[in-house]
Amino acid sequence: MRGLKKRRRIQIILLAFAALVLSTGLIGYAMRDGINFFRSPSQVTEAPPPPTETFRIGGLVEQGSLKRGQGKTIRFNVTDGGASVPVTYTGVLPDLFKENQGMVGTGRLVDGVFEAREILAKHDESYMPKEVVDALKEQGVYRDPSVEGANGS
């Protein structure tokens with residue numbers, strides 16, 4: 001009788017462990033499309049991701065690159081000061097979207113062009129996403145908006 005209880009406990013523990021491994025695998029499989037890594041334009045040009053990978057790119061909209069009114073697709077370049085990546089977007093851009101402003105886009109890199117499905121722009125005078133600030137600081141291009149405002153620029 002005692003050996004039967006021990007065997008039953010071992011079976012229950014093994015079954016619980018198998019269920020835990022299976023549920024962890026299913027959760028990981030379900031989350032694979034929900035995780036979008038951030039990349040700066042310099043990282044994208046150094047090591048381009050495959051066209052099947054969805055990721056976020058951020059930086060400043062390059063001066064003179066914004067092309068509107070040429071069909072439904074809007075074209076511009078995003079830069080971090082070290083590299084520039086061409087971006088296409090079909091849709092309505094946020095109101096605050098303009099050149100030399102911070103932006104983050106979600107999409108895929110196809111044939112060297114980032115095809116964005118979503119574009120986010122900074123929403124006030126001083127906000128910029130942390131990832132964009134870090135990428136701009138790494139390239140030595142970042143200017144603190146609170147310091148610029150204090151100097152009257």
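**Entry 1: helix 1.** I began with how well helix 1 is covered, and it is hardly covered: 0 of its 30 residues count as buried. I take buried as under 20% relative accessible area, exposed as over 50%, and partly exposed as in between, with a 1.4 Å probe and protein chains only. Helix 1 covers residues 2-31 and reaches 44 Å from its first C-alpha to its last, close to the 44 Å expected at 1.5 Å a residue. That expected span is 1.5 Å times one less than the number of residues.

**Entry 2: ground rules.** I am working with a predicted model, where local features need pLDDT of at least 70 and side-chain atom pairs count only at pLDDT 80 or more, while totals for chains, interfaces and linings use all residues. Residues are numbered from 1 along each chain as its sequence is written, and side-chain values use heavy atoms, with hydrogens and water left out.

**Entry 3: the record.** I looked up UniProt, where an unreviewed entry lists residues 12-31 as "transmembrane region". Such annotations may be inferred rather than shown by experiment; the positions are in the numbering used here, and feature names are shortened. In the model, residues 12-31 are 100% helix and 0% strand, with the end C-alpha atoms 28 Å apart.

**Entry 4: the whole chain.** I found 4 helices and 6 strands, in the order α-β-α-β-β-β-β-β-α-α from the N terminus. Helices (H or I, at least four residues) and strands (E, at least two) are DSSP runs, numbered from the N terminus. Of the 153 residues, 31% count as buried. I also noted that, among contacts (heavy atoms within 4.5 Å) between residues at least 6 apart in sequence, 53% join residues at least 24 apart.

**Entry 5: rings.** How many aromatic pairs are there? I count 2, using rings of Phe, Tyr and Trp (its six-membered ring) with centres within 6.5 Å; planes under 30 degrees apart are stacked, over 60 edge-to-face, and the rest tilted. One of them joins Phe 76 and Phe 97, whose centres are 5.0 Å apart and whose planes meet at 65°, so this pair is edge-to-face. Phe 76 is in strand 3 (residues 73-79) and Phe 97 is in the loop between strand 4 (84-90) and strand 5 (102-110), so the pair ties together parts 21 residues apart in sequence. Phe 76 is buried at 1% relative accessibility, and Phe 97 is buried at 3%.

**Entry 6: Thr 88.** I found Thr 88 in strand 4, buried at 12% relative accessibility. Leaving aside neighbours within four places in sequence, its contacts include Thr 73, Ile 74, Val 113 and Phe 114.

**Entry 7: Lys 137.** Is Lys 137 buried or exposed? It is exposed, at 52% relative accessibility, and it sits in helix 3 (residues 130-139). Lys 137 and Gly 81 are 56 residues apart in sequence, and their C-alpha atoms are 9.5 Å apart in space.

**Entry 8: positive phi.** I reminded myself that most residues other than glycine have a negative phi. Asn 100 is not a glycine, yet its phi is positive, about 65°. Asn 100 belongs to the loop between strand 4 and strand 5 and is partly exposed at 40%. Asp 111, also not a glycine, has a positive phi of about 55°. Asp 111 lies in the loop between strand 5 and strand 6 (113-121) and is exposed at 77% relative accessibility.
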